[in-house]
Amino acid sequence: MSLKRKAADIATDAKKPKVNSSITSFFGPPKSGASSADPAKAAAPSKFNKDAWVAKLTDEQKELLKLEIDTLDESWLLHLKDEIVTPQFLDLKRFLKKEIESGKTVYPPMQDVYSWSRHTPLHSVKAVILGQDPYHGPNQAHGLCFSVRPPTPAPPSLRNMYKALTKDYPSFKPPPKNGGLLTPWADRGVLLINTVLTVRRGEANSHKDRGWERLTQKVIDTVAKVRTNGVVFLAWGTPAAKNVQKVNPEKHLILKSVHPSPLSAARGFFDCGHFKKTNEWLVQRYGKDAEIDWNLNVDPAVAGV
């Protein structure tokens with residue numbers, strides 16, 4: 001059963017938004033030749049000449065940024081290309097290179113670091129869920145915050161998210177076999193991004209303050225700027241709240257709560273109602289077709305694993 005909200009009143013803690021009659025203009029992919037009056041359409045990947053940009057890079061930049069060139073979705077690369085050539089980001093890439101060359105195991109696997117960008121291109125973003133640090137155990141992190149690949153069972157924070165979802169939607173179905181794969185959400189327009197994108201095996205926060213935070217803040221700021229019709233930001237915990245403090249609440253819905261971690265979830269997360277409030281706001285703003293199906297009972301093969 002779909003977990004879509006068929007009819008909803010706007011959440012009491014959210015400012016009533018203006019109704020936009022054009023759903024496809026917001027949620028559909030950008031069309032070539034679109035008017036620059038619509039920033040989301042004007043930012044279409046077709047307007048970015050990736051080959052020409054790469055040709056201007058130095059040999060060292062091409063080597064250090066190979067992962068970004070090869071795996072970062074072009075809808076995001078268009079807006080992040082200036083950030084990833086800064087001295088700070090290039091230093092981060094040199095640090096990661098040394099980590100790997102010295103025999104350190106880094107998670108997620110390099111090809112998955114930017115999987116959030118490929119599952120959720122910029123023009124498809126409806127909601128943003130912010131995480132902090134990738135899981136640091138084997139077969140866990142794969143580039144989407146809170147998500148783990150099967151057969152790894154859902155970690156504690158994610159299990160608490162399931163509990164909150166069940167309160168909002170009693171018909172909610174988690175992934176098969178106590179799983180924690182969230183790619184269905186990402187494919188439906190939920191941007192699942194950590195503020196730090198890599199970690200050393202077994203060492204939480206080992207890549208904190210190395211440079212990822214600047215890039216991921218740029219991602220958040222880009223969503224807030226480009227998705228001008230409005231998206232929902234779900235900020236759980238103090239660090240996530242700081243990440244969205246510059247987001248315009250007149251344009252976007254900002255939902256804040258304690259983190260779903262077992263250390264804090266009992267202080268209000270289970271009853272925050274964020275999943276339902278997200279859909280109520282999207283339905284009010286764009287119509288019933290804009291709501292998110294939170295159901296996760298999907299075959300892993302179908303979910304892109």
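Let's start at Asp133. A polar atom of its side chain lies 2.7 Å from the backbone nitrogen of Asn205. Keep in mind that this is a predicted model. So where does Asp133 sit in the chain? It lies in the loop between strand β2, residues 127–131, and helix α9.

Is Asp133 buried or exposed? Its relative accessibility is 18%. The cut-off for buried is under 20%, so Asp133 counts as buried. Now look at what surrounds Asp133. Leave out residues up to four places away in sequence, and Asp133 touches Asn194, Val196, Thr198, Val199, Ala204 and Asn205. Asn205 is the residue from my opening, with its backbone nitrogen 2.7 Å from the Asp133 side chain.

There is also a record for this residue. The UniProt annotation "active site" covers Asp133, and that comes from an unreviewed entry.

Next, Thr120. You'll find Thr120 in the loop between α8, residues 115–119, and β2. Thr120 has a relative accessibility of 0%, so it counts as buried. Which backbone atom does its side chain meet? The backbone oxygen of Ala186, at 2.8 Å from a polar side-chain atom of Thr120. Setting aside neighbours within four places in sequence, Thr120 is in contact with Trp76, Val125, Ala186, Gly189, Val190 and Leu191.

On to Arg188. Arg188 is in the loop between α10, residues 183–187, and β3, residues 190–194. Its relative accessible area is 24%, so Arg188 is partly exposed. What does its side chain reach? The backbone oxygen of Asp293, at 2.5 Å. Again, skip residues up to four places away. Arg188 then touches Lys126, Asp293, Trp294, Asn295 and Val298. Here's one more pair. Arg188 and Ala290 are 102 residues apart along the chain, and their C-alpha atoms are separated by 10.0 Å.

Let's zoom out. How many helices and strands does the protein chain have? There are 13 helices and 6 strands. The chain has 305 residues, and buried residues make up 55% of them.

Now helix packing. Two packed helices are described by the angle between their axes and the distance between the axes.

First pair: α7 and α11. Helix α7 covers residues 87–101, and α11 covers residues 212–226. They pack at an angle of about 125°, with their axes 9 Å apart. That angle makes α7 oblique to α11. Who makes the contact? From α7, it's Gln88, Phe89, Leu92 and Leu96. From α11, it's Trp212, Arg214 and Leu215. By class, that is 5 nonpolar, 1 polar and 1 charged residues.

Helix α9 spans residues 156–168, and α13 spans residues 274–286. Their angle is about 55°, and their axes are 7 Å apart. So α9 is oblique to α13. Which residues meet here? Met161, Ala164, Leu165 and Asp168 come from α9. His274, Phe275 and Lys276 come from α13. By class, this contact has 4 nonpolar, 1 polar and 2 charged residues.

To recap the three residues: Asp133 is buried, Thr120 is buried, and Arg188 is partly exposed.

Technical notes
Residues numbered from 1 in each chain as written. Predicted model: local features only at pLDDT ≥ 70, side-chain atom pairs only at ≥ 80, totals over all residues. Heavy atoms only, no water. Axes fitted to C-alpha atoms, helices over the stretch in contact; angles between N-to-C directions. Helix = DSSP H or I, 4+ residues; strand = E, 2+ residues; numbered from the N terminus. Parallel < 35°, antiparallel > 145°, perpendicular 65-115°, else oblique. Contact = heavy atoms within 4.5 Å. Nonpolar A, V, L, I, M, F, W, Y, C, P; charged D, E, K, R; others polar. UniProt positions renumbered as here; feature names shortened; annotations may be inferred. Buried < 20%, exposed > 50% of the residue type's maximum accessible area, 1.4 Å probe, protein only. Polar contact = N/O pair within 3.5 Å; in protein donor to acceptor, adjacent residues only side chain to side chain.
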